Amino acid sequence: MPSWLELSLDVRTAICVDEAIPGGLNKLNIRADGSIEKEFSVVTLGGPVSSQIFNNASAIALAHYDPPAISSFAVRNSTYMPQQNFTFNLSSIDPERQTTSHIHQALLDPTERYMLFADLGADMVHVYWIDANSGDLVEHTPLRSKPGYGPRHGAFWSPEDCPNEVYLFVIHELSNRIVSYAVTYLETGGLSFVERDDVSTFGDRDTPQGAAAAEIIVTPDKDFVIASNRLGPIFNIPNMDHCNQTEVRSDSLVTFRPTRSGKLEFFELTPSGGLNPRHFSLNKDGSMVAVANQGSGNIAVYARDIATGRITEQVAAVAGLGELT
């Protein structure tokens with residue numbers, strides 16, 4: 001059950017994790033022609049859903065959704081050696097989704113000295129300092145979300161003209177809210193967070209019943225923040241089968257403009273091109289957005305105007321992929 005793919009900085013290798021029990025951590029070599037070859041696999045704790053290379057590419061951290069855990073591996077002699085495991089049994093107020101921890105993302109901070117792990121089940125973002133000598137993760141005081149919010153993913157942002165001001169945007173699956181925090185690096189170690197904003201992932205529209213926010217990304221120019229909404233379709237769009245005139249339902253992408261104070265100004269809602277957009281990516285300059293719509297088994301690629309920030313026409317698509325993971 002492949003669940004997360006992470007490219008190396010030189011784009012010569014990739015890491016793919018398998019969300020099985022036990023899980024798997026796979027190293028893939030990317031050839032010059034774009035083809036992929038698996039070099040090796042190692043067994044992990046169950047349920048990995050996110051990976052993050054850290055400590056100058058000498059280590060890899062994994063977030064495990066179920067069973068809930070954090071694990072790390074040292075990169076040695078072109079292989080991965082188990083280093084640390086942290087297991088959790090925390091909970092919060094939602095009787096269906098928060099009876100235990102669910103670690104959903106491994107996120108490196110801008111200084112690359114801290115690792116954050118969003119815990120959907122515990123309404124918490126775990127914070128760890130990275131020991132550069134050993135590669136160990138050292139626990140610090142976590143960021144606590146509002147009860148029932150369910151933090152899923154996060155993204156760091158700094159104003160282009162003031163890189164020392166750091167903000168963290170956390171998207172919450174259960175509440176369909178994005179909360180922004182001003183981040184302070186404490187002299188005694190660890191991070192402190194001060195809330196600056198709390199906005200709906202549906203902008204100026206009501207949140208549909210059953211919706212579940214998913215991904216959040218800062219655009220390459222740092223001028224916009226884009227997030228995806230699942231399980232709450234609000235658009236009807238043309239069918240990708242041009243011979244079929246029946247419109248199809250679509251979930252949405254939401255765009256915000258971050259301000260110098262860390263607040264998020266709603267910009268636009270646009271179709272995701274299908275149902276359940278679990279993940280999406282931007283190309284290097286931000287002129288295209290590729291969306292994986294899990295529920296409808298299709299990928300939609302949209303053009304994006306870099307000057308205005310607006311997502312415009314669909315420029316490519318592929319359907320019939322079954323249920324994407």
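Visitor: Are R152 and E173 buried or exposed?

Guide: Welcome! This is a predicted model, and in it both R152 and E173 are buried. Buried means that the relative accessible area is under 20%.

Visitor: What makes R152 and E173 a salt bridge?

Guide: The closest N and O atoms of R152 and E173 are 2.7 Å apart. The cut-off is a side-chain nitrogen of Lys or Arg within 4 Å of a carboxyl oxygen of Asp or Glu, so R152 and E173 qualify at 2.7 Å. R152 sits in strand 13, while E173 is in the loop between strand 14 and strand 15; the two are 21 residues apart and link distant parts of the chain.

Visitor: How many salt bridges does a search of the whole structure find?

Guide: The search finds 11. One of the salt bridges joins K27 and E39.

Visitor: How do you know that K27 and E39 form a salt bridge?

Guide: Their closest N and O atoms are 3.6 Å apart, and the limit is 4 Å, so the pair counts. K27 belongs to strand 3 and E39 to strand 4, so this contact ties together parts that are 12 residues apart in sequence.

Visitor: Why is K27 called buried?

Guide: K27 has a relative accessibility of 15%. Buried means under 20%, so K27 is buried.

Visitor: What makes E268 and R310 a salt bridge?

Guide: Their closest N and O atoms are 3.2 Å apart, and the cut-off is 4 Å, so E268 and R310 form a salt bridge. E268 lies in strand 22 and R310 in the loop between strand 25 and strand 26, 42 residues apart. At 9% relative accessibility E268 falls under 20%, so E268 is buried. R310, with 39%, is partly exposed.

Visitor: Which residues do salt bridges that share partners join into one network?

Guide: The network consists of R97, R152, E173 and R230.

Visitor: Why are strand 23 and strand 24 said to pair?

Guide: Pairing needs at least two bridges. Strand 23 (residues 277-282) and strand 24 (residues 288-293) have 5 bridges, so they pair, and they do so in the antiparallel sense. Look for F280, which stands opposite V291 in strand 24. The hairpin has 5 residues between these strands, and there G286 takes a positive phi near 80°.

Definitions and conventions. Residues numbered from 1 in each chain as written. Predicted model: local features only at pLDDT ≥ 70, side-chain atom pairs only at ≥ 80, totals over all residues. Heavy atoms only, no water. Helix = DSSP H or I, 4+ residues; strand = E, 2+ residues; numbered from the N terminus. Buried < 20%, exposed > 50% of the residue type's maximum accessible area, 1.4 Å probe, protein only.
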